[in-house]
Amino acid sequence: MPAATLTFVSRRAPDVLPGRALTLGLTLTWLCLIVLLPLSAVTLTAAAPGWEAFWHAVSSPRVLAALRLSFGSALLAALVNLVFGGLTAWVLVRHPFPARKLIDALVDLPFALPTAVAGIALTALYAPQGWVGRWLAPLGLQVAFHPAGIVVALIFIGLPFVVRTVQPVLEDLSPEYEEAARSLGASRAQVFVHVVLPAMAPALLTGFALAFARAAGEYGSVIFIAGNMPMVSEIAPLLIVTQLEQYNVAGATAIAVVMLAISFSLLLVINLLQGASRAHALGRRSA
């Protein structure tokens, strides 16, 4: 008798929601068209003249100064927003006060306000003859037309990212955990460090990353208040526009590629830290 042949057909369990292949294909296609294709075009355009021309374009003192100013100001502004954005979210969630809804709505104003309008308003406010600048000038403090003005503008446009990222986390964090810790004898500082901060840490890192990424490429609100002096208060996005106005496409794209590489590296590190912080928080909860 012929030996019986058994055929085993492995079947993958069907997805709960249909259309996985279709939606995945559409998503990847859309991301390629919107994100990967333009970035690839920028990279190829910058690499076309060759490595020597690329290095010459990005290593000039003017470009290095603009990159230091852009990323240094973005980092400083994001750190300020990390502290005061988290504090603002805490006050809006945990402390009822009159006009809280109005303050909550004002947080979103930098989202809706055109960046050029924000730059003009901040310049009028902090200029030597402005409402605030006239009081700072006798003290020897200059904000407008100075690198400090760049930081102020980046703080303005980055604050909502931290507040809106941390706020939902605080709303989901029940005050009962804090009350339980207090009932066990923990001080307020211990409650914040061991109960509140671990729950807020992933959201704070996310808000910090979003604020930093937004500030690193900001243009409209900065050019009015910065002064735009080469080697002093000229940001990298403005230098890219200047190179394009001079028909130096290769130089402009070279600066853009360097900004892209630095931003991607920093965001990757922040995301890794965020994942580690979230895993640590889950481990603490499970323990």
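In this predicted model, the side chain of Glu 234 makes a polar contact with the side chain of Arg 62, at 2.7 Å. Glu 234 sits in a loop. That loop runs between helix H11 (223–226) and helix H12 (236–245). Glu 234 has a relative accessible area of 5%, so this residue counts as buried, the limit being under 20%. Leaving aside residues up to four places away in sequence, Glu 234 touches Arg 62, Ala 66, Leu 69, Asn 228, Met 229, Leu 239 and Thr 242.

The protein has 13 helices and zero strands. Read along the sequence, the pattern is α-α-α-α-α-α-α-α-α-α-α-α-α. The chain holds 287 residues, and 34% of them count as buried. Contacts were also sorted by separation along the sequence. Among those between residues at least 6 apart, 74% join residues at least 24 apart.

The largest nonpolar core has 57 residues. Those with the most contacts inside this core are Phe 54, Leu 67, Ile 150, Leu 154, Val 166, Leu 170 and Val 222. Several helices contribute. Helix H2 (51–58), helix H3 (61–94), helix H8 (147–172), helix H10 (188–216), H11, H12 and helix H13 (249–286) each supply at least two residues of the core. Not counting residues up to four places away in sequence, Leu 170 touches Ala 89, Trp 90, Val 93, Arg 94, Val 196 and Met 200.

The accessible surface of the protein comes to about 17600 Å². Carbon and sulfur atoms account for 71% of this surface. A nonpolar patch lies on the surface, with about 1000 Å² of accessible area together. The patch is formed by Leu 24, Leu 28, Trp 30, Leu 31, Leu 33, Ile 34, Val 35, Leu 36, Leu 37, Leu 39 and Leu 260. Helix H1 (residues 20–47) provides the largest share, ten residues. Leu 37 is one of the patch residues and is found in helix H1. Leu 37 counts as exposed because its relative accessibility is 53%, where the limit is over 50%. Glu 234, in contrast, is buried at 5%.

Conventions. Residues numbered from 1 in each chain as written. Predicted model: local features only at pLDDT ≥ 70, side-chain atom pairs only at ≥ 80, totals over all residues. Heavy atoms only, no water. Helix = DSSP H or I, 4+ residues; strand = E, 2+ residues; numbered from the N terminus. Buried < 20%, exposed > 50% of the residue type's maximum accessible area, 1.4 Å probe, protein only. Polar contact = N/O pair within 3.5 Å; in protein donor to acceptor, adjacent residues only side chain to side chain. Contact = heavy atoms within 4.5 Å. Patch = residues over 30% accessible without salt bridge, like charges linked within 9 Å, V, L, I, M, F, W, Y side chains within 5 Å. Areas by Shrake-Rupley, 256 points an atom, 1.4 Å probe, with all protein chains shown as cover. Salt bridge = Lys/Arg side-chain N within 4 Å of Asp/Glu carboxyl O. Core = buried A, V, L, I, M, F, W, Y, C linked by side-chain atoms within 4.5 Å.
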